[in-house]
Amino acid sequence: MSVSHPVMALWNAPPANFVTRLGQTIDVGLSQAKEAGREINIFFRDDDVSTPKDGFARLASIFLRHHVPLCAAVVPAWLDESSGIELKALFADSPELCFWHQHGWRHVNHQQAGKKSEFGSDRSLAAKSADIMKGQEIIQRVFGERAGLFFTPPWNRVDEETLETLSDHGYCAVSRSQNAKPLPPLSLPDVPVNVDLHTRKTPNAKDAAIEILHEIETGLASGYLGIMLHHHRMNSVAFDFLDAILDQLTSRHSLCFVTLADIILA
């Protein structure tokens, strides 16, 4: 099972000079970081993983070709034995290039009103805790030592009660969007993404391109770039742009490509 969504308007009609502007943006961000004396950590998180199909195999091939690690957020309830074997096989020759972790339980909205959340205020603590533990057991069993106790909530939303529960169950960190609320307990660091390539709702391709380039520049300048991917929302143009990002970044020196675990355990 997977979530099916239309591709963003940007990837159906990107500006003609988008890749050129990407290179210029990266240079500006790197220059600002250098002036501030900042080292730069970069990580990529792909959400809604459950099968090599619907684009994930193509995504994996890009990261493998550039030898850049990928943090794969897997929906446990969508995973079966055969798909788990197939997913791991994609990285059989370079298992260190994929860091598998938990993406909720079933990716189902339980909120009766307001923004979507699988682990929000309209569920009991017992129900949320049970789903967390069921998901953890599957991820650990399927991916073993290549998986970590890290939690990416569907839609990047989770309530305070669930954050406390994750900490109580020994999770190392949560990964959401930058400036997400509520804040987690001190025992549960947040490793946010600050660039969204595929789920923004900006209808105008030109405006979406400006937003993405601004996020990339700002992230690089800060010394921290976390890029959120959704492979099932990608068409050929989006895959080519991701390839261009990795090509541009790996051609620069002194950049550090990391996983969620690298950031927390450093």
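Tutor: In this structure, helices (DSSP runs of H or I, at least four residues) and strands (runs of E, at least two) are numbered from the N terminus. The model is predicted, with local features needing pLDDT of at least 70 and side-chain atom pairs counting only at pLDDT 80 or more, while totals for chains, interfaces and linings use all residues. Residues are numbered from 1 along each chain as its sequence is written, and side-chain values use heavy atoms, hydrogens and water being left out.

Student: In which loop does His67 lie?

Tutor: Most residues other than glycine have a negative phi, and most peptide bonds are trans. His67 has a positive phi, near 55 degrees. It is found in the loop between α2 (56-66) and β2 (70-74).

Student: Is His107 buried or exposed?

Tutor: His107 also has a positive phi, near 60 degrees, and its place is in the loop between β3 and α4. Buried means under 20% relative accessible area and exposed over 50%, with partly exposed in between (1.4 Å probe, protein chains only). Since its relative accessible area is 11%, His107 is buried.

Student: In which strand and which helix do Trp100 and Phe143 lie?

Tutor: Searching the whole structure gives 11 aromatic pairs. In the pair of Trp100 and Phe143 the ring centres are 4.4 Å apart and the planes stand at 15 degrees, so this pair is stacked. (Rings of Phe, Tyr and Trp, the last by its six-membered ring, pair if their centres lie within 6.5 Å; planes under 30 degrees apart count as stacked, over 60 as edge-to-face and the rest as tilted.) The two residues are 43 residues apart and link distant parts of the chain, namely strand β3 and helix α4.

Student: Which residues do ring pairs link into a cluster?

Tutor: Trp100 counts as buried at 3% relative accessibility, and Phe143 is buried with a relative accessible area of 5%. Ring pairs join these two with two other phenylalanines, and the cluster consists of Phe56, Phe91, Trp100 and Phe143.

Student: How many residues apart are Asp159 and Lys128?

Tutor: The whole structure holds 12 salt bridges, each a side-chain nitrogen of Lys or Arg within 4 Å of a carboxyl oxygen of Asp or Glu. In one of them the side chains of Asp159 and Lys128 meet at 2.6 Å, N to O. The pair links distant parts of the chain, the loop between β4 (147-151) and α5 (160-168) for Asp159 and helix α4 for Lys128, the two being apart by 31 residues.

Student: In which helix do Glu137 and Arg141 both lie?

Tutor: Glu137 forms a salt bridge with Arg141, with the closest N and O atoms 3.0 Å apart. Glu137 counts as partly exposed at 42% relative accessibility, whereas Arg141 is exposed at 56%. The two residues are four apart, about one turn of the helix, and both belong to α4.

Student: By what distance are the C-alpha atoms of Phe43 and Asp247 separated?

Tutor: Phe43 belongs to strand β1 (residues 40-49) and is buried, with a relative accessible area of 0%. Although Phe43 and Asp247 are 204 residues apart along the chain, their C-alpha atoms are separated by 14 Å.
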